[in-house]
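Hi,

Here is the structure I said I would pass on. Have a look at it first, and my notes follow below.

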Amino acid sequence: MPTPSLAALPIRRLTLRDLTDCADLSEDRGWPREEHKWGLLLAAGKGYGIDDPDGGLVTACVVTEYGPYSEPDLGAIGMVLVAERHARQGIGRRLMRHILSAMGTTPLTLHATPYGRPLYEELGFKVTGRAEMLRGHFTPGGPAPTVDTRAATAEDLTAILRLDEEVLGTDRTHLITRLPAFADQFRVAEENGRLIGYAAAWPNMSTHVVGPLIARDTETAQALLTSLAAGTDRPLRTDIDVRHEELRAWAKERGLASVTYNSVMTYGIPELPGDWTRRFAPLTVAAV
């Protein structure tokens, strides 16, 4: 039988059963396999993909929805990948158009690489910000942080969710409640018994990714990052909003080097909701 054309292959929902094929697709494009991250996104979000008649996936991506379950007020698109053997044939564009149709009037956001940005602009996404990826072994130095941090406990969860919704402008309960199991470290910052920030460090191949990083101010963000660094021997990676110039400069002084910049893009809204001054880094650039 003749092989069906790519345009005729159906787009279907992905599940956790597709995790290995998603990781294989990442590897095919020269990305790390990132199975731990794929697992979180496929569980908390909606995966979309096309099966390759020869095995594996032609393309895949994940949309993580936030806000009310039946009427999400924001969707984050991530992990948009097309197998190398099927690249530059319009598959990514077809998948993205399918997602735009499926999401209807729900506002969308994504972090775009320089390679992917032209397609997203063609589809109507606008650049509304930038994030700098930093990576390296953290070396403590300078004055010790004066903000108190400690390991998060189950009793902190209600306050964490309240702060998160206030800063992000949307309800991320289904994602944040997965952090204790997903992350190797989960810490909070306090002042007079009141929660003023929280952060996590989760394993991603040979690194620990710091994210989310939510803090009242730069000093609080520094304290959280320092405390997370003390709990690991791995290099750290984080993606900091470029408007947080003081934190980026401080992190570079302590051994984290610039790797690349990604464009933060939105569709259907002029900018991300919430308070960017307290939103230092996303949980992952594949979500928010």
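How many helices and strands are there in the protein chain? There are 9 helices and 13 strands, taken as DSSP runs numbered from the N terminus (H or I of at least four residues for helices, E of at least two for strands). The radius of gyration is 19 Å, close to the 19 Å that the globule rule gives for 288 residues, so the chain is as compact as a globular protein of that length. That radius is taken over C-alpha atoms, and the rule is 2.2 Å times the number of residues to the power 0.38.

Before the details, some housekeeping. This is a predicted model, where local features need pLDDT of at least 70 and side-chain atom pairs count only at pLDDT 80 or more, while totals for chains, interfaces and linings use all residues. Residues are numbered from 1 along each chain as its sequence is written, and side-chain values use heavy atoms, with hydrogens and water left out.

Buried residues account for 54% of the 288; buried is under 20% relative accessible area, exposed over 50% and partly exposed in between, with a 1.4 Å probe and protein chains only. Of the contacts (heavy atoms within 4.5 Å) between residues at least 6 apart in sequence, 72% join residues at least 24 apart.

Helix H9 (residues 245-253) is the bit I'd look at next. Its buried residues are Leu 247, Arg 248, Trp 250 and Ala 251. They cover an arc of only 165 degrees around the axis, which puts them on the same side of H9; the arc is that of the directions from the helix axis to the C-beta atoms. Glu 245, Glu 246 and Glu 253 are exposed on the other side. The cover over the buried residues includes helix H8 (218-229) and strands E6 (126-136), E10 (207-215), E11 (236-241), E12 (257-267) and E13 (279-281). After H9 comes Gly 255, with a positive phi near 105 degrees.

Last, Leu 14, which sits in strand E1 (residues 11-14). Is Leu 14 buried or exposed? Its relative accessibility is 4%, so Leu 14 counts as buried. Leaving out residues up to four places away in sequence, Leu 14 touches Cys 22, Leu 42, Gly 47, Tyr 48, Gly 49, Leu 57, Ala 60 and Cys 61. Glu 155 is 141 residues from Leu 14 along the chain, and their C-alpha atoms are separated by 34 Å.

Cheers
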